[in-house]
Amino acid sequence: MSDLKKIKEEFISKLKLKLDLAQINEIKSDLFGKSGLITSQFKQIASIAESERKNFASDLNLIKDELQSLINTKISEIEIADINEKLEKEKIDVTLPERTIIRGKIHPVSQTIDEISSIFSEIGFSVAEGPDVENEYNNFTALNTPDHHPARDMHDTFYLDKEKKKLLRTHTSPVQIRTMLKNKPPFKIIAPGRTYRSDSDQTHAPMFHQVEGLHIDKDINMGHLKGCLNYFIKEFFEVDKIQMRFRPSHFPFTEPSAEVDIGYKIKDGKIIIGEGDKWLEILGCGMVHPNVLKNVKINPDSFQGFAFGIGIDRLAMLKYGINDLRAFFECDYRWLNHFGFDPLDVPTNYRGLSR
Ligand code: DAH
C-alpha cells in the first residue's frame with residue numbers, strides 16, 4: 001500500500017472515533033501542521049520522478065481535500081452537539097410560577113407631607129428643615145414663651161438633659177427661629193417634620209407631625225394669612241368651597257393669634273369636609289409677635305408677617321378616613337398595605353415634588 005493510502009485509511013478510521021475538539025485539533029496538526037504527514041508529502045513532490053509526479057500530486061490533493069472535509073464535518077458536529085447540550089441545560093421553564101416581588105407602600109403621613117409641600121410650593125413657599133433635638137432657646141425662649149408657660153413643664157416636654165438645655169422639639173415653630181437667624185427677610189417657608197410631646201391616647205401620640213408656615217415681608221397682613229390658608233385647605237381636601245372660621249386664641253409667639261376651624265358634616269357615617277354645621281379645629285396661626293422678630297434681629301417696624309402650625313397626622317386622618325392615630329406609628333405591615341400609597345400611582349393633587 002502506498003504511503004498516501006496508508007495515511008488516508010489510518011486517519012479516516014481515527015476520525016470515526018468519538019473525539020473532542022482538542023483531539024481533532026491534534027489530528028489536524030498531525031496532518032497539516034508544519035511537519036504534518038500531508039505537509040511532508042507535499043514537500044516530496046519535487047523529488048518524485050517526473051512520470052509519476054502528476055498522478056502523485058493529484059492523489060495527494062484528493063486525499064488532502066477528503067481528510068480536510070472530514071475534519072470540518074467533525075468539528076461542526078461537535079459544535080452543534082455543544083449548542084444542543086447548552087440549550088438542554090439552560091432551558092427556561094416557562095411554567096414555573098413567578099417570584100412575587102413585594103413592593104413597598106408610601107406611608108399616609110409621608111404622602112400627606114408630599115401633598116402639603118407641593119400645594120404650598122405652588123404659591124411660592126420653599127421647604128425649610130430643623131433638627132428633632134432642639135435647644136430650649138429655639139423651642140421656647142426665642143418664641144416668646146416665658147419660663148412659667150405650661151408647655152415648658154416636664155409633663156409636656158421630653159427634656160434630654162437635667163439642665164433642660166436639650167429637648168425633643170415640641171413643635172415645628174423653632175424652624176422659624178433657625179430660618180430667620182440664618183437668612184435675611186423676606187421669608188416664605190414651610191417646615192414639615194416630627195414633633196414630640198409627652199402625650200398618648202387615641203388622638204395623641206408622643207411623636208407626631210406638624211407643618212410650620214412663615215411669611216415675613218414689609219406688609220404681610222391677616223388678609224394674606226386668610227387667603228393662603230383658604231387656598232391650602234381647598235387644595236388639600238380637593239373641594240371648591242370651604243367654610244373656615246378664625247377663632248381668637250393665644251400663642252406666645254403670635255399677636256393676634258387664632259385657631260382655624262373648618263366646617264364639616266357626617267353623611268352615611270362619612271365625614272364631608274367643606275360643608276355642614278359642625279366645626280373642626282385644624283391649625284393655629286397668627287401675626288408673628290414683634291418680640292419674636294426682635295429675638296432674631298429683625299426690626300418689627302420694617303417687617304411683619306404671619307405664621308401657622310398645622311397638625312399633619314390630623315389632616316391625613318381626615319382626608320384618608322383613618323380613625324386611630326396610633327396606627328400611624330405601629331408599623332403594622334397589613335395596615336400599611338391597606339392605607340399606604342402605591343409609589344407608582346400618582347395622586348390627583350400631586351404636583352411632582354421629589355421626596
Ligand atoms: N406651635 C403651635 C403648636 O404646636 C402651633 C402654632 C400656632 C404655630 C400658631 C404657629 C402659630 O406658627 O403662629 O401648638
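Okay, let's start with strand β5, residues 207-217, which is mostly covered: nine of its 11 residues are buried. Keep in mind that this is a predicted model.

So what does β5 pair with? One partner is strand β4, residues 187-196, and the two run antiparallel over 10 bridges. If you want a spot to look at, find K188, whose bridge partner in β5 is H215. The other pairing I'll mention is with strand β10, residues 304-311, again in the antiparallel sense, over eight bridges. There, Q210 stands opposite G311 in β10.

Now over to the helices. Helix α1 covers residues 3-16, so that's 14 residues. From first C-alpha to last, α1 reaches 20 Å, close to the 20 Å expected at 1.5 Å a residue.

Which residues of α1 are buried? They're L4, I7, F11, I12 and L15. These cover an arc of only 120° around the axis, so they end up on the same side of α1.

On the α1 side, the contact is made by L4, K5, K8, F11, I12, L15 and K16. On the α4 side, the residues include F56, L60, I63, L67 and K74.

That's it from me, thanks!

Methods:
Residues are numbered from 1 along each chain as its sequence is written. This is a predicted model: local features need pLDDT of at least 70, side-chain atom pairs count only at pLDDT 80 or more; totals for chains, interfaces and linings use all residues. Side-chain values use heavy atoms; hydrogens and water are left out. Helices (H or I, at least four residues) and strands (E, at least two) are DSSP runs, numbered from the N terminus. The expected span of a helix is 1.5 Å times one less than its number of residues. Buried means under 20% relative accessible area, exposed over 50%, partly exposed in between (1.4 Å probe, protein chains only). The arc is that of the directions from the helix axis to the C-beta atoms. Two strands pair if DSSP finds at least two bridges between them. Contact means heavy atoms within 4.5 Å.
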